[in-house]
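Please open the model in your viewer and keep the selection panel at hand.

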Amino acid sequence: MDDGGREVARARHCCNEIIITGAAMNSMTPKLVVEGLTHYYPDEYTGESVHALEDINLELYEGELVSVVGPSGCGKSTLLNILAGLLPYKIGTASVDGNVIHGPGPDRGVVFQEHAILPWRTVAKNIGHGLEIRRVPQAEREKRVQEFIDLVGLTGFEDKFPHELSGGMKQRCQVARTLCSDPVVMLMDEPFAAVDAQTRITLQEELNRIAMATHKTILFITHSVEEAAFLADRCLVFSARPGRLKEIVKIDIPREQRNWTNMNDNAIFISARDRILASVREEVSIAVEE
Amino acid sequence: MTTAVGNLSIAVQRRFGRQRLRKIILGSIPFAVMIAIWHANTVFDWLPPVFIPPIGDVWEAIFFLQEDCAGFVALVMLDNSCLITTHVFSSIGRVILAAIVGLPLGIAFGILCGMSRTLSKFLEPVGVFANSISGIAWIPLAIVWFGVGWVTTLFIMLNTIFWLMFFNSMLGVRSVAKVYEESVLTMGGSRWDVIKQVYLPGAMPSIITGMRMSMGFGWRALIAAEMIGGDSGLGFMIFTSAAEFKIEEVFLGVIFISIIFMATDKYLLAPLEKWTVERWGLVWRPT
């Protein structure tokens, strides 16, 4: 970590080594493992086979926040959909806590980009939805729901319907809903892409605080390099299509120090951000040339 | 004097609310004009009472038809001596029966077809086929099959209600954003959870439109069916009274039909819409 705390590697040559280093640092077994995941899907209009992902290998350890960035169309959303169990895959394996993924399940919570909370449920009923599905008794459910309402700062909005909330509040509600089900891994698909810039900054700081408080294992997909560098312990850079794991950038900043007032002066953050940005831009230019 | 009128007007506005009062008054004007013209016809003798009866005669027809009614029990038992109430109740009864059977069936099949492309490919053509034949066109066939009576009228109504409800629910389900379904699945929800918690409420705007439409068209189909294939009900009453040149009874029947439908829409379907889709913010409504 002498080099500004970042760790840079060309994926095809030494990615595996980096993952091993990660494992050595963290002796626990990984929560999420992806091995040799390759994916093709038929194009919606032409029907041609699109090569979306190529030999993806990654491991997520408990309490770790890993972000995925890459040029658009690099398959990062495809990866998330496969991990969420919403997209069947054939080549390679993906498993959570040792269980191979075969479809959606409550061990993986997803925070979607769009406003995915149900408009016909109040904030409290939305947040408690996962527990309701699992038939958790009402008293316990209400207690847990209140805990997460307070955690994401929606106190006082329990009985509001989603259309009465701002965009940022809807996403807080979604984060709370996912957390309340207590998944092993939380998958976030560009969750702050649709909110305005001011709100986004606040939500990023909030998520950092929540990650600290709940110690959740999070895979965070984003197209914003700044966001990735601000939030992640490790940032995975994907290549242009077909998506390969091109580079892993480590960002070794304690969570307590991560807020937007400090970060802009933080040398580790700046170098990590610039490194990720350079790497992504390289891929974007390849994608454009094609 | 002016202050008294002013005070009264303010009191009335407070009681009902300005906007609501405006709505009621504006909505009543066409009816008031119609009634005025109707009354003017009697006063100035433009058309003879055989074509347009005096308002008083229509009002009196209620009591005339109800003349032989032997009290409350006979009224509830739909005794043939209580003519007007028996006709009204038998029409309403058929509507309720058709709604209880037809609406849930149409919603259920519509949701299933909205979910499954295969099933919708299987049922949609039949639906288009059935919808192309207007409800009344079935009447002759229904009379042959079921004879004159309530089965025929029920069949005609069900035919109308079911298919309208089917198409509306199906389109409603298809318009529900996929992400809602995905979010319930990723929380460990089953297919059944998705139906109950996503498709049904998500399709609610369409379902309620479907209910309003199918009740409107069903009610019209019922009147037509009763005229030709019924042995009681308002349609039957209108038809038989017209044959006997009792024009005031025809007018009475028509007025009853509209009042009953307006009441159903206002006190049943509109509140349902307010309680669901408006509360959930699924429709925008000018205030």
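Select Thr38(A) and then Ile91(A): the latter, in strand 4 of chain A, is the bridge partner of the former. Helices (H or I, at least four residues) and strands (E, at least two) are DSSP runs, numbered from the N terminus. The model is predicted, so local features need pLDDT of at least 70 and side-chain atom pairs count only at pLDDT 80 or more, whereas totals for chains, interfaces and linings use all residues. Residues are numbered from 1 along each chain as its sequence is written, chains are lettered from A and ligands numbered from 1 in the order in which they are written, and side-chain values use heavy atoms, with hydrogens and water left out.

Two strands pair if DSSP finds at least two bridges between them. Now show the whole open sheet of chain A: four strands in the order 2-1-4-5, with antiparallel pairing. Its edges are strand 2 (49-60) and strand 5 (99-100) of chain A, each pairing on one side only.

Next, remain in chain A and select Cys180(A), which is buried, with a relative accessible area of 0%. Buried means under 20% relative accessible area, exposed over 50%, partly exposed in between (1.4 Å probe, protein chains only).

Turn to chain B and select Cys69(B) and Cys82(B), which are joined by a disulfide with an S to S distance of 1.9 Å. The cut-off for a disulfide is a pair of cysteine sulfur atoms within 2.5 Å. Cys69(B) lies in the loop between helix 3 (55-65) and helix 4 (71-76) of chain B, and Cys82(B), 13 residues apart from it, in the loop between helix 4 and helix 5 (83-115) of chain B. The torsion about the S-S bond is about 70°, so this disulfide is right-handed. Both cysteines, Cys69(B) and Cys82(B), are buried.
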